[in-house]
Amino acid sequence: MTMPIYNGGQNICGASIGVLCLESYFPKPPGHIKNPSSLPFPVLYEMIDGVTVPNLLNNPSPELLAPFIEGAKRLEAEGVRAITGSCGFLALFQKELAAAVSVPVFASSLIQVPLAFHMTGANAPVGVLTADASALTPRHFEGVGATGVPVAVKGLEDTTEFAEVILRNTRTRMDTDLIETEVLNAARNLVLEAPDIRSLVLECTDLPPYASRLQEELLLPVFDLTTLAQMAHAVTTRAQYSGLMPWQR
């Protein structure tokens, strides 16, 4: 189901990025890919009915792939220039989704793990903050070409608010201040366990709202799905250079 940001689900606003969305109803603060204010360009959303965060994390069966491929094809037919997802665990399906359509696909923010590694000297592990470290497997990193990149992973599965609302889907009401505290505490513990990390990749799409606070706390480059979406938008919607300085336009 294409989300009705555009009348009738049609890409009448010229959205360049399409998002394959898991079904969830908890709040999406600014910074979340499903909050339209998070990006400086229009986005087209395609809801994958019946697929929730617990489904994808705890039972990532091959049967889940088909509805995502169908959704990607619908987004391509609407005219988007590139396609992403609303959960980093879609890394499992990166290769299949990219092969199913003719537009670029960046299913997971984890695609940035090799980039973060090489940008910071290729001599230190990449920190990965994830929704659930126990569910994040080598197959996820393999899916996005990150096999062999050293990583230090920290999850939020042992939290209270984040785990209850997002991982277990027990309610839709959410205390974002409490979640921010839980996210910062997890990041602090990650640095204590792996003090040599030189970058941080946020696997989970629910974490970018706290990216600024994380950077203030850790003083590291922070990669997430919104940084990746902005790059994908830039490389698929190139414009002529005007030769004018910004204040002359």
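Predicted model: local features only at pLDDT ≥ 70, side-chain atom pairs only at ≥ 80, totals over all residues.
Is C87 buried or exposed in this structure? C87 counts as buried, because its relative accessibility is 7%, and buried here means under 20% relative accessible area.

**Overall build**
- The secondary structure of the chain comes to nine helices and eight strands.
- The chain has 249 residues and a radius of gyration of 18 Å, which agrees with the value near 18 Å that a compact globule with this number of residues would have.
- Taken along the principal axes, the box filled by the C-alpha atoms is roughly 50 × 45 × 35 Å.
- When contacts between residues at least 6 apart in sequence are considered, 70% of them join residues that are at least 24 apart.

**Surface and charges**
- Of the 249 residues in the chain, 54% are buried.
- The chain exposes about 11300 Å², and carbon and sulfur atoms supply 54% of that area.
- There are 16 positive and 25 negative side chains in the chain, and the centres of these two sets lie 6 Å apart.

**Cysteines**
- The structure holds zero disulfides, and C87 is accordingly in no disulfide, with the nearest cysteine sulfur, that of C204, lying 6.5 Å away.
- For C204, the closest cysteine sulfur is in C87, and the 6.5 Å between the two sulfurs is too far for a bond, because a disulfide needs sulfur atoms within 2.5 Å.
- C204 is buried as well, with a relative accessible area of 5%.

How values were computed: Residues numbered from 1 in each chain as written. Heavy atoms only, no water. Helix = DSSP H or I, 4+ residues; strand = E, 2+ residues; numbered from the N terminus. Rg over C-alpha atoms; globule rule 2.2 N^0.38 Å. Buried < 20%, exposed > 50% of the residue type's maximum accessible area, 1.4 Å probe, protein only. Contact = heavy atoms within 4.5 Å. Areas by Shrake-Rupley, 256 points an atom, 1.4 Å probe, with all protein chains shown as cover. Lys, Arg positive; Asp, Glu negative; His and termini not counted. Charge placed at Lys NZ, Arg CZ, Asp CG, Glu CD.
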